[in-house]
Amino acid sequence: MIKEEIVERLKNLKKIDKAIIILQRKLKELDNNYNYTSVSFEQKVSSSKVNTTEKKLINTLKKKDDIIDQIVTLTEEKFSVTDLINKLEEPEEWLVLRMLYLHGYSVAEVCKEMKVSKATIYRSRDRAVERLEVEVNNS
């Protein structure tokens, strides 16, 4: 894996949490929009060859399965990148990557929290990405 791919995976971490939240909302919306209660009729119901209620339910269940699969995939990617970050042995580099990519801090916020300059943050980030590249390519 090259340096640019690692940086791209790190940047995607910020998007993963948002995507998972959106997918969870879609799941909840599917649950709320579908009425699972049975309806009783006082008159005889004519049967049809097509059971639309059953088809709607099956369609809803398929959509839910697709959404759950997407959430699982995103979660696995997040864990994979988190494991990669956790391989860093230098505490400052580890902390910079976690703050920037996992916790969504801006560079200015990281500077303030760590009481260092922006240049130090950028150097730590770049060194960390280089170490991750070596780690990934050696394993």
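Arg98 sits in helix H3, helices here being DSSP runs of H or I with at least four residues, numbered from the N terminus. This is a predicted model, where local features need pLDDT of at least 70, side-chain atom pairs count only at pLDDT 80 or more, and totals for chains, interfaces and linings use all residues. Residues are numbered from 1 along each chain as its sequence is written, and side-chain values use heavy atoms, with hydrogens and water left out.

- Arg98 is buried but has no salt bridge (buried: under 20% relative accessible area, exposed: over 50%, partly exposed in between, 1.4 Å probe, protein chains only; salt bridge: a side-chain nitrogen of Lys or Arg within 4 Å of a carboxyl oxygen of Asp or Glu).
- The nearest side chain of opposite charge is Asp83, 8.0 Å away (Lys and Arg count as positive, Asp and Glu as negative; His and the chain ends are not counted).
- Setting aside neighbours within four places in sequence, Arg98 is in contact (heavy atoms within 4.5 Å) with Thr82, Ile85, Asn86 and His103.

**The core**
- The largest nonpolar core has 29 residues, and Leu10, Leu13, Ile85, Leu97, Leu100 and Ile121 touch the most other members (a core: buried Ala, Val, Leu, Ile, Met, Phe, Trp, Tyr and Cys joined through side-chain atoms within 4.5 Å).
- Helices H1, H2, H3, H4 and H5 each supply at least two residues of this core, with H1 giving the most, 8 residues.

**Helix H4**
- Val107, Val110, Cys111 and Met114 are the buried residues of H4.
- They fall within an arc of 100° seen down the axis, so they line one face of H4 (the arc is that of directions from the helix axis to the C-beta atoms).
- Exposed Lys112 and Glu113 are on the face of H4 turned away from its buried side.
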